[in-house]
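Visitor: Please show me the structure, and then let me ask about its parts one at a time.

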Amino acid sequence: MEDTIAAIATSVGVSAINIIKVSGPKAIEIVNSIFKGKDLTKVKGFTINYGFIMDKEETVDEVLVSVFHSPKSYTGEDVVEINSHGGIACTNKILELLLTHGCRLAEPGEFIKRAFLNGKKDLIEAESISDLIEAKNESSRKMGIKGATGELSKLIKNLREKLLNIIANIEVNIDYPEYEDAIVYTNELLDTSIKEIKEELQKILKQSNIGKMIKDGINVGIIGKPNVGKSSLLNKLLDEEKAIVTDIEGTTRDIIEGKIVLNGVTLNLIDTAGIRKTDNIVEQIGVKKSKKIIEEADLIIAIFDGSRSLTEEDNEIIKSLKDKKVIALVNKNDLEQEIDLDKLKNFNIIKTSFINNEGIDSIYEEIKKMFNLQQIDSGDYTYLSNARQISIVKNAVSLTEEIYNSNKIGTPVDLVQIDIQRLWELLGELTGDSYKDELLDEIFSKFCLGK
Ligand code: GDP
C-alpha cells in the first residue's frame, strides 16, 4: 500500500463543484506541489484550505482543499480532497496533474478497500456503502445507512462475542479444571446458549428476506391471454402510457417493464406475451420468454376475461401457475360475466374493471398482505441483504442446527466446542474478520471509481 492513489469522486458533468480524492503516504506532499496557498504539509488535519491548483506558472483552478492526517481519515491514510469547479476540463486537468506528480489512478473501490484493510470499515459496512449509493428509494436508503454506520455489524459482532465467551470458557474448563470462577459448561448449559444463538441467527436470516426484498424489489409477472387487459393494468399501475393498449390480439409481444414502489418496496412489473400455442416464430419467442418470467417471478398476476368462458390458453396458464404466488384478476367485471370461477378457486381472486378503475386498490392490498409489506414500515431496517451475506447466514444457521443437535445427544463438550469455533469463524467472514484476498477483490471491484 505504498502507492498514493487519486480519483474523481463525484460524477463528472456540468456541476458547481467536483471532488478529487487523494489517499496515501504522499497525498499531502503531492497536492502541495501543485497548490498555491498555505503550505499543506504544515496545516492541521480536518482543515479546509483556500488556494489555487497550479500547472507551473499557470493557474488551473480556484479550489478548497481538505486535509486529513493518518489515521484520522476515511481510508486511515493521509487524505486530501480537492474541491474544484465542476465540469470535465477543470477536473480532468487536476487529476492529470496529480498523476504526473506521483499519484496512481485508483482502481474501482480502492479507497474503501484501503479503509477496510486499515480497520476503518468492516465488510458489511463497506458493502452497505455501495448499497447506499445505489439506493433508489427511501427504504433502501434507510437500510444502506444502517449498514454503513455499523448497526448491522453490531448484530453479528455481538453474536461472535457470545460464541467467543463460550469457546473461552470451555477452554478454561479443559485446561484449568481447578479454576473455580469459570462456568463449567455441561451439555445442558450449552443447550440453552446454543439455542439462543440459533434463534438469533434464524431471526437474522428471516429478516434478510425483507432486506433482499427492499434491495432487489419483487418481480411481478403479468400474464394472461391476449386482450384480457394486461397492458391496461400496467398502464393503471404505472399511471402512464408505457404499455401499448390496443384491440388487436397479440400486440404485446415484447416484455415491457415498469417499476412502482409499494410500502418502500419496488415492484418490478413485467408484461408477458401469454403462453398460447402458436406457429408464429416471433410469438413463439414471446411464449418462451413468458414461461421463463413465470418461473423467475416472485408473484404472478394472472388476468382472465370475466366476460368470456375460459379457453384452452387460459387453462394452459392456470396449469403453469402451480406452486407460484398468484393473484388471479377476473377482469372486465363491467360486462356480463361468463367465466367459471370454480377453475380459479386455488388462487386469490380479485374482480376488476380497468375501464371503470375498479379493483386496483385491492390488488395493492393483496400484494401488501402476501408479502407482509406492513412489517417494513415498522421494522428497523437493520437487515442483511446481499447474496454473499445471506448465503453465509444460511450456512451459519445450518451449522448451528448441527451443533444444537449434536450437543443434544450428549457429544462431549470439547468436541462441540470445535464446531462452535467453526461457527465463530464463519460469522467472521460476514464482517471481514476472516477473509480471503480473492473475496476482497470480488467485493471491491464492484464499486465505482473514486469510492
Ligand atoms: P392485453 O392484450 O391483455 O394487453 O389487453 P389490453 O390491455 O390491450 O386490453 C384489450 C382490450 O380490452 C382494450 O380494448 C381495452 O380497452 C379493453 N379492456 C381492458 N380492461 C377492460 C375492462 O375492465 N372492461 C372492458 N369492458 N374492457 C377492457
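Guide: Strand S5 and strand S6 (residues 79–85) run antiparallel and are joined by 5 bridges. Strands (E, at least two residues) and helices (H or I, at least four) are DSSP runs, numbered from the N terminus, and two strands pair if DSSP finds at least two bridges between them. This is a predicted model, where local features need pLDDT of at least 70, side-chain atom pairs count only at pLDDT 80 or more, and totals for chains, interfaces and linings use all residues. Residues are numbered from 1 along each chain as its sequence is written, and side-chain values use heavy atoms, with hydrogens and water left out.

Visitor: In S6, which residue is the bridge partner of phenylalanine 68?

Guide: S5 and S6 run antiparallel. Within S6, phenylalanine 68 has as its bridge partner valine 79.

Visitor: How many bridges join strand S4 to strand S5?

Guide: S4 (residues 47–55) and S5 (residues 58–68) run antiparallel. Methionine 54, for one, stands opposite threonine 59 in S5. The two strands form a hairpin with 2 residues between them. The number of bridges joining them is 9.

Visitor: Is lysine 56 buried or exposed?

Guide: Lysine 56 sits in the loop between S4 and S5, and its phi, near 55 degrees, is positive although the residue is not glycine. Buried means under 20% relative accessible area, exposed over 50%, and partly exposed in between (1.4 Å probe, protein chains only). Because its relative accessibility is 75%, lysine 56 counts as exposed.

Visitor: What is the phi of asparagine 263?

Guide: Asparagine 263 is found in the loop between strand S9 (257–262) and S10. Asparagine 263 is not a glycine, yet its phi is positive, at about 50 degrees.

Visitor: How far does helix H9 reach from its first C-alpha to its last?

Guide: H9 covers residues 281–296, which makes 16 residues. The expected span is 1.5 Å times one less than the number of residues. For H9 that expectation is 22 Å, and the helix comes close to it, reaching 23 Å.

Visitor: Why are the buried residues of H9 on the same side?

Guide: The buried residues are Glu283, Gly286, Val287, Ser290, Ile293 and Ile294. An α-helix has 3.6 residues a turn, so residues three or four places apart point the same way.

Visitor: Which exposed residues are on the face of H9 turned away from its buried side?

Guide: The buried side is covered by elements including strand S8 (218–223), strand S11 (299–305) and helix H10 (312–320). The face turned away from that side carries Ile281, Lys288 and Glu295.

Visitor: What is the volume of the largest cavity?

Guide: A cavity is a set of points on a 1 Å grid over the protein atoms alone where a 1.4 Å probe fits but cannot get out. Grid points are joined across faces, edges and corners, and a volume is the space filled by probe spheres set on the points. The count comes to 2 cavities of 30 Å³ or more. The largest has a volume of about 60 Å³.

Definitions and conventions
Contact means heavy atoms within 4.5 Å. On a 1 Å grid over the protein atoms alone, a cavity is a set of points where a 1.4 Å probe fits but cannot get out, and a pocket is an open set with protein on both sides within 12 Å along at least five of seven lines; lining residues have an atom within 4 Å of a point.
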